[in-house]
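Subject: Structure for you to look at

Dear colleague,

Here is the structure I said I would pass on. My notes follow below it.

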Amino acid sequence: EAKGTQLRKNKIYNNCRGATVTTGSQVIIGYQNNVVEYNEIYETAGSCTNGILVNNANPLNAIIRQNSIYCTGTCTPGGGSTPGAGVKISQGTGARVENNIILGYTNATYTAADSPANGTPTSSTTFTDNLTSGTASAIFKSVTVGAIDLSLKASSTPINAGTDISLSYNGAA
């Protein structure tokens, strides 16, 4: 039940609940006013269904921005009553998901409002300028397991393609 926590500029990978659990998340955000930004979050071991999950204690005003979230294609795709996603908003109000690159998940984004039977419907969640399609190897420097680098290639399409969200940036956009 953290308030005002900032998870920034980290490399988070294969961070799920163990080898025998087939569901889980790399990062779980709960409570209020938490920020997750500028992180590389990826899964190569196949045990996560979500990159980032906003859940627990009806979270308020979560901000998820400028992250590279990637599944190598071996992740459990989710399904049944709890579909997986790169960014999943299961509960809460006022979440903002902005300028992220989310690749390799069955669902890039998902909110409980998409299917109320799968969570508490969320309200006022906004998704702005997230890249959710494309070839990871054309966007990221390396997607080779053991040498993953989710920095952008010089020729990557997301360069100068974002929206100004009042943060510093290099380039024209």
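Val-87 touches Ile-52, Ile-64, Ile-69, Val-97, Ile-102, Ala-108, Thr-109 and Tyr-110, leaving out residues up to four places away in sequence; contact here means heavy atoms within 4.5 Å. This is a predicted model, in which local features need pLDDT of at least 70 and side-chain atom pairs count only at pLDDT 80 or more, while totals for chains, interfaces and linings use all residues. Residues are numbered from 1 along each chain as its sequence is written, and side-chain values use heavy atoms, without hydrogens and water.

Val-87 is also among the residues with the most contacts inside the largest nonpolar core, together with Val-27, Ile-29, Ile-52, Ile-64, Ile-69 and Ile-89. That core has 18 residues. A nonpolar core is a set of buried Ala, Val, Leu, Ile, Met, Phe, Trp, Tyr and Cys residues joined through side-chain atoms within 4.5 Å; buried means under 20% relative accessible area, exposed over 50%, and partly exposed in between, with a 1.4 Å probe and protein chains only. Two or more residues each come from β3, β6, β8 and β11. Strands are DSSP runs of E with at least two residues, numbered from the N terminus. Another core, of nine residues, lies apart from this one and includes Tyr-70, Ile-101, Ala-136 and Ile-139.

Next, the sheet. Four strands form an open sheet in the order β3-β6-β11-β14, with parallel pairing; two strands pair if DSSP finds at least two bridges between them. At the edges are β3 (25–29) and β14 (109–111), each pairing on one side only. Between β6 (residues 50–54) and β11 (residues 85–89) there are four bridges in the parallel sense, and Leu-53 stands opposite Lys-88 in β11.

Two loop residues other than glycine have positive phi. Tyr-38, in the loop between β4 (35–37) and β5 (40–43), has phi near 60°. Gln-66, in the loop between β7 (63–65) and β8 (68–71), has a phi of about 60°. Tyr-38 counts as partly exposed because its relative accessibility is 28%, and Gln-66 counts as partly exposed at 28%.

Which backbone nitrogen does the side chain of Asn-100 reach? It is that of Gln-66, at 3.3 Å. Asn-100 lies in the loop between β12 (96–98) and β13 (101–103) and, at 1% relative accessibility, counts as buried. Leaving aside neighbours within four places in sequence, Asn-100 is in contact with residues including Ile-64, Arg-65, Asp-129 and Leu-131.

Regards

Technical notes: Polar contact = N/O pair within 3.5 Å; in protein donor to acceptor, adjacent residues only side chain to side chain.
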